Amino acid sequence: MRRNIKPVKTKVKPNEKVRAAMVEAGYTQKALARAIGIGESSLNQKLSGKRTFTLPESILIAETLHKTLNDIFTPYSSRNWDSYRKEA
């Protein structure tokens, strides 16, 4: 029997996904800021949604946290969910 798994639509913002990936990887804000070469207060503003991440910062964040850009910065609704189908 084959079951179709439908994507869950969420409104998780990229800054929230960065924070979650940061915690999952064991990084503090201070450590991540140093790793990507920006100030701690700048990272704090970006994590709180007051400012946006630049493309170079996004790439460095993904590399540092061992994630892809899609994992962190692509909304779930725009991903190809056919690859997530599982057979029961």
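**Notebook: helix packing, core and aromatic pair**

I looked up H2 against H3 and found that their axes come within 9 Å and cross at roughly 110°. The model I am reading is predicted. An angle of 65 to 115 degrees counts as roughly perpendicular, and H2 and H3 are therefore roughly perpendicular to each other.

I then listed the residues that make this contact. H2 supplies Gln 29, Lys 30, Leu 32 and Ala 33, while H3 supplies Glu 40, Leu 43, Asn 44 and Leu 47. By class, I have 4 nonpolar, 2 polar and 2 charged residues in the contact of H2 with H3.

Next I went to the largest nonpolar core, which has 13 residues. Val 18, Leu 32, Leu 43, Ile 61 and Leu 65 touch the most other members. Helix H1 (14–25), helix H2 (29–36) and helix H3 (40–47) are the elements that give two or more residues to this core.

I followed up Leu 32. Setting aside neighbours within four places in sequence, I find Leu 32 in contact with Val 18, Met 22, Tyr 27, Leu 43, Thr 64 and Leu 65.

Last, I searched the whole structure for aromatic pairs and got 1. The ring centres of Phe 53 and Phe 73 are 6.1 Å apart and the ring planes stand at 70°, so I log the pair as edge-to-face. The pair links distant parts of the chain, 20 residues apart: Phe 53 lies in the loop between H3 and helix H4 (55–64), and Phe 73 in helix H5 (residues 69–73).

I also checked accessibility for both rings. Phe 53 is buried, at a relative accessible area of 14%, whereas Phe 73 is partly exposed, at 22%. The cut-off for buried is under 20%.

Conventions:
Residues are numbered from 1 along each chain as its sequence is written. This is a predicted model: local features need pLDDT of at least 70, side-chain atom pairs count only at pLDDT 80 or more; totals for chains, interfaces and linings use all residues. Side-chain values use heavy atoms; hydrogens and water are left out. A nonpolar core is a set of buried Ala, Val, Leu, Ile, Met, Phe, Trp, Tyr and Cys residues joined through side-chain atoms within 4.5 Å. Buried means under 20% relative accessible area, exposed over 50%, partly exposed in between (1.4 Å probe, protein chains only). Helices (H or I, at least four residues) and strands (E, at least two) are DSSP runs, numbered from the N terminus. Contact means heavy atoms within 4.5 Å. Rings of Phe, Tyr and Trp (its six-membered ring) pair if their centres lie within 6.5 Å; planes under 30 degrees apart count as stacked, over 60 as edge-to-face and the rest as tilted. Axes are lines fitted to C-alpha atoms, for helices over the stretch in contact, and angles run from 0 to 180 degrees between N-to-C directions. Angles under 35 degrees count as roughly parallel, over 145 as roughly antiparallel, 65 to 115 as roughly perpendicular and the rest as oblique. Ala, Val, Leu, Ile, Met, Phe, Trp, Tyr, Cys and Pro count as nonpolar, Asp, Glu, Lys and Arg as charged, and the others, Gly among them, as polar.
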